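Visitor: I'm new here and would like a friendly tour. Could you show me the structure before we start?

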Amino acid sequence: MRVAVVGSGFAGSLLARVLAVQGHDVILLERGTHPRFAIGESSTPLANLTLERLARRYGGGLDDCYDLAAHGRWVARFPELRRGLKRGFTFYRHHAGRPFVSDGSRTERLLVAASPNDHIADNHWLRADVDHHFVRAAVASGVEYRDRTEVTAEMLKALRADFVVDASGPGGFMARQLAIPSALRRLHTNSGLLFSHFDGVRPFSDVVAPPGLPPGPYPDDWAAVHHIIEEGWMYSLRFDHGVTSAGFVLKRRVAGTPEQQWRYLLGRYPTVGALFGSAKPLMPLAYKPRIQHRLTRAAGPGWAMLPHAYAFVDPLFSTGIAWSLRAIERLGLLFEKEGGPTEQDLARYDAALSHEADQIDTLVAGAYHAMARFDLFAAHAMIYFAAVSFAEIRQRLLKDEEHAWSGFLGVGDPQLGGLPRASLRRLRHVRTPADRRSFINWVTNAIAPRNVCGLANPAAHHHYPVDLDVLVSRHGVLGMSRESLINALPALRGGAEA
């Protein structure tokens with residue numbers, strides 16, 4: 001089958017390579033060139049699990065994906081590809097005009113580990129390097145690549161493409177070609193982004209007020225760091241070579257130019273200001289007033305979109321890379337079939353992305369509602385961590401081709417699927433301390449049937465390491481005996497390496 005993939009970011013390039021390895025005739029079309037700056041840089045355990053599955057399924061044609069799925073393997077094989085160590089998810093709550101203070105068990109700090117050590121940890125992707133790598137690997141696998149190309153319907157007709165995959169991003173080729181209506185009105189989330197890459201960002205432990213931070217399950221800065229503020233939140237992703245990707249994700253616009261907005265927010269939050277006060281942006285600060293987009297369709301006869309061309313919600317919880325890789329895996333399976341995807345296959349793909357976009361949106365919208373009270377935010381975040389930890393562990397222990405079609409973030413799960421929407425509805429009615437206690441108790445009980453990691457435990461004081469003893473004690477949540485789970489532990493990430 002002749003397949004045209006429009007857009008050569010990591011997702012388009014990787015899918016093009018999968019299809020070429022399968023034996024399809026693939027052309028990858030790109031309006032710009034590589035290397036180039038891009039954001040959407042934070043990977044997760046589910047993203048890396050999909051990379052490993054792709055490497056196993058397609059063999060030598062995608063063996064690099066296995067090594068890019070863990071920090072130690074990445075550094076050993078591809079030291080020239082810049083990346084950052086990501087051990088977990090770090091959250092701090094800041095208050096205007098007040099420095100962040102460590103206050104024992106009441107400290108507004110949440111640490112959720114994603115790996116037990118650096119070697120098998122996740123990575124932040126320096127997208128200029130990683131995207132370029134995937135383009136070169138696609139070409140080496142036989143993909144025809146054309147950059148500086150403005151794609152038109154006439155061009156695709158001349159190329160005799162049997163199928164088109166749009167991996168170009170918001171407002172891309174298929175959206176224009178088919179005049180696909182926007183579904184932005186479906187989204188609850190509404191945020192803008194002020195961002196750049198920086199040199200000279202200080203570690204959090206260097207600037208926090210005495211007595212400093214008690215030890216956590218990993219070094220706080222080697223993570224996806226979230227600074228929650230009254231206007232929204234700030235992400236900070238530290239790369240191994242010293243550069244930091246950072247941006248304020250804002251519920252409402254701050255007045256002024258991007259530089260004025262940046263200075264205002266640093267001045268308003270003293271600890272954030274101390275972190276970034278001497279840092280230098282490596283490119284001009286940029287501001288996008290709204291980062292969300294959503295279309296009414298993701299696929300149809302002879303075409304499909306990858307997630308970023310179809311919908312984007314917010315960088316909170318680092319869903320972008322994992323969701324894109326899941327879609328690549330699904331389309332890869334459909335193209336293995338003789339004749340390629342059927343209309344029924346594409347309808348299934350379209351419905352899956354629609355439900356998952358709704359799920360991401362309600363999860364993120366609930367988090368924004370909860371941000372004013374850190375105990376509410378930490379409780380709501382447990383829904384995300386319960387969903388992804390259960391999915392990762394179950395998929396590693398119980399290997400099944402259908403895992404590619406399991407709903408992202410618990411979609412379709414009778415225990416988890418409805419929780420983000422139910423949480424958002426409840427958060428809208430929280431008014432009193434009693435309401436807050438009731439909400440926290442509700443989350444604890446709601447995630448219990450899928451809580452394999454001991455989440456929502458008051459005795460943990462918001463610190464959650466990778467703890468295999470806790471996992472084994474919850475063998476029943478996975479439907480396994482204690483002995484069978486212990487025997488299966490080597491299948492978990494790093495089980496043979498850690």
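Visitor: Which residues in helix 14 does helix 2 meet?

Guide: Welcome! First, a word on the source: this is a predicted model in which local features need pLDDT of at least 70, side-chain atom pairs count only at pLDDT 80 or more, and totals for chains, interfaces and linings use all residues. Residues are numbered from 1 along each chain as its sequence is written, and side-chain values use heavy atoms, with hydrogens and water left out. Contact means heavy atoms within 4.5 Å, while helices (H or I, at least four residues) and strands (E, at least two) are DSSP runs numbered from the N terminus. From helix 2, Pro 45, Leu 46, Leu 49, Glu 52 and Arg 53 meet these residues of helix 14: Val 388, Ala 391, Glu 392, Gln 395 and Arg 396.

Visitor: How many residues of the contact of helix 2 with helix 14 are charged?

Guide: Ala, Val, Leu, Ile, Met, Phe, Trp, Tyr, Cys and Pro count as nonpolar, Asp, Glu, Lys and Arg as charged, and the others, Gly among them, as polar. In the contact of helix 2 with helix 14, 5 residues are nonpolar and 1 is polar, and the charged ones number 4.

Visitor: Are helix 2 and helix 14 roughly parallel or roughly antiparallel?

Guide: Axes are lines fitted to C-alpha atoms, for helices over the stretch in contact, and angles run from 0 to 180 degrees between N-to-C directions. Angles under 35 degrees count as roughly parallel, over 145 as roughly antiparallel, 65 to 115 as roughly perpendicular and the rest as oblique. Helix 2 and helix 14 pack at an angle of about 25 degrees, with axes 9 Å apart. That makes the two helices roughly parallel.

Visitor: Which residues of helix 2 face helix 1 in their contact?

Guide: Helix 1 (residues 10-22) and helix 2 (residues 45-58) pack at about 20 degrees, their axes 11 Å apart. That makes helix 1 roughly parallel to helix 2. Helix 1 brings Leu 14, Val 18, Val 21 and Gln 22 to meet, in helix 2, Leu 51, Leu 54 and Tyr 58.

Visitor: Is the crossing of helix 1 and helix 5 left-handed or right-handed?

Guide: Helix 5 covers residues 127-140, and its axis lies 8 Å from that of helix 1, at an angle of about 20 degrees. A crossing is left-handed if the near helix is turned anticlockwise from the far one by less than a right angle, and right-handed if clockwise. For helix 1 and helix 5, the crossing is left-handed.

Visitor: Which element gives the most to the lining of the second largest pocket?

Guide: On a 1 Å grid over the protein atoms alone, a pocket is an open set of points where a 1.4 Å probe fits, with protein on both sides within 12 Å along at least five of seven lines, and lining residues have an atom within 4 Å of a point. The second largest pocket holds about 600 Å³ of space, and among its 32 lining residues those closest to the centre include Ala 114, Glu 392 and Cys 453. Helix 2, strand 5 (109-113), helix 14 (374-397) and helix 17 (468-473) each give two or more residues to that lining. With 7 residues, the top contributor is helix 14.

Visitor: Which residue does a cis peptide bond join to His 34?

Guide: Most peptide bonds are trans. Here, the bond has an omega of about -5 degrees, and the partner of His 34 in the cis peptide bond is Pro 35.

Notes. Points joined across faces, edges and corners; volume = space filled by probe spheres on them.
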